Amino acid sequence: MRILCTNDDGIHAPGLKVVEEIARALSDDVWIVAPELDQSGVSHSLSLNDPLRLREVGPRHFAVRGTPTDCVIMGSRHILGEKGPDLVLSGVNKGRNVAEDVVYSGTIAGALEGTILGIPSFALSQEFSIETRHAPLWDTALKFGPDILRKVIAAGVPKNTVINVNFPACTPDLVKGVRVTRQGKRNVGFLKVDKRHDGRGNPYFWLGFERAAAMEVPAEGTDLAALVARYVSVTPLRLDRTDEAFSDALTTTLK
């Protein structure tokens with residue numbers, strides 16, 4: 001099995017070494033194609049107006065001056081040659097990708113692009129807490145990642161589905177198990193715009209996050225609830241975003 005690994009945290013991110021180790025538990029034919037720079041939050045951005053610069057940083061390790069989407073396209077359509085990848089792994093992201101994160105995440109986008117290209121693809125993310133923010137517990141992803149991948153691959157990944165895997169912010173021995181979940185929903189009020197001024201008095205802005213005044217209780221069965229309960233969350237995400245229920249209602253409305 002030929003495996004293509006990418007991420008959105010950049011070619012030198014610790015999580016990229018983790019995903020490579022997970023990949024090598026499955027195969028010896030592993031390739032790394034990752035962004036030259038941190039691309040967190042770029043979603044499914046594709047570079048159409050800028051050239052892509054490619055740099056070989058080591059045997060089967062390449063950096064692309066572009067987005068995770070660019071990396072998967074470059075890897076599968078150029079670097080790997082005629083025999084493209086059999087599997088795409090995106091991550092392991094520093095921080096969870098759950099609920100609305102899946103819309104913004106470059107990690108999810110890397111896996112989505114693999115799926116669009118017809119390749120079974122997984123997004124892998126390691127949650128961290130306030131205490132582990134600067135030292136995520138990568139051993140949790142390392143312990144549970146390979147076995148989850150083997151089982152899902154053996155069962156078969158549907159053609160237009162991405163598998164989003166999130167590991168809880170605890171040591172492996174404290175993980176209670178694995179849950180198949182649905183995408184959760186958070187209070188979107190955590191986003192904020194921070195206005196500042198440069199040395200000449202001109203305003204500039206940072207997008208940031210506010211800590212919630214009180215922790216919400218996530219809905220049962222969601223990715224959020226699984227992580228709170230210290231379960232690995234496995235969420236199948238479909239490429240087709242059609243709202244079937246509203247589509248039926250809208251057809252009646254627009255008759």
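This note walks through a few local features of the model, point by point.

1. **Ground rules.** The model is predicted, so please keep in mind that local features need pLDDT of at least 70 and side-chain atom pairs count only at pLDDT 80 or more, while totals for chains, interfaces and linings use all residues. Residues are numbered from 1 along each chain as its sequence is written, and side-chain values use heavy atoms, with hydrogens and water left out.

2. **Salt bridges overall.** Side chains of opposite charge can pair when their charged atoms come close. Here a salt bridge is taken as a side-chain nitrogen of Lys or Arg within 4 Å of a carboxyl oxygen of Asp or Glu. Twelve salt bridges are counted by that rule.

3. **A link across the chain.** Lys 185 and Glu 100 form a salt bridge, at 3.3 Å from N to O. This pair ties together distant parts of the chain, 85 residues apart: Lys 185 sits in the loop between β8 (177–180) and β9 (191–197), and Glu 100 in the loop between β5 and α3. Helices (H or I, at least four residues) and strands (E, at least two) are DSSP runs, numbered from the N terminus. Lys 185 is exposed, with a relative accessible area of 62%, whereas Glu 100 is buried at 13%. The cut-offs are under 20% relative accessible area for buried, over 50% for exposed and partly exposed in between (1.4 Å probe, protein chains only). A network of salt bridges links Glu 100, Asp 101, Lys 185 and Arg 186.

4. In helix α5 (residues 138–155), Asp 147 and Lys 151 lie four residues apart, about one turn of the helix. Their salt bridge has its closest N and O atoms 3.3 Å apart. Asp 147 is partly exposed at 37%, and Lys 151 is exposed at 55%. Another salt bridge joins Asp 86 to Lys 83, with 3.5 Å between the closest N and O atoms. Asp 86 is partly exposed at 36%, as is Lys 83 at 45%.

5. **Backbone spots worth a look.** The peptide bond between Gly 91 and Val 92 is cis, with omega about -10°; Val 92 belongs to strand β5 (residues 87–94). Ala 99 has a positive phi, near 50°, and is not a glycine. Ala 99 is in the loop between β5 and α3 (101–104) and is buried, at 0% relative accessible area. Arg 230 also has a positive phi, near 70°. Arg 230 falls in the loop between α6 (223–228) and β11 and is partly exposed at 37%.

6. **Cysteines.** How many disulfides does a search of the whole structure find? The search finds zero, a disulfide being a pair of cysteine sulfur atoms within 2.5 Å. For Cys 5, the nearest cysteine sulfur is that of Cys 71, 12 Å away. Cys 5 is buried, with a relative accessible area of 0%, and Cys 170 is buried at 4%.

7. **A negative surface patch.** Asp 240, Asp 243, Glu 244 and Asp 248 gather in a patch of negative charge on the surface. Such a patch is made of residues with over 30% relative accessible area and no salt bridge, like charges being joined within 9 Å. Asp 240 lies in the loop between β11 (231–238) and α7 (244–253) and is partly exposed, at 40%.

Key. Patches are made of residues with over 30% relative accessible area and no salt bridge: like charges are joined within 9 Å, nonpolar side chains (Val, Leu, Ile, Met, Phe, Trp, Tyr) within 5 Å. Accessible areas come from the Shrake-Rupley method with a 1.4 Å probe; for residues, only the protein chains shown count as cover. Lys and Arg count as positive and Asp and Glu as negative; His and the chain ends are not counted. The place of a charge is taken as NZ of Lys, CZ of Arg, CG of Asp or CD of Glu.
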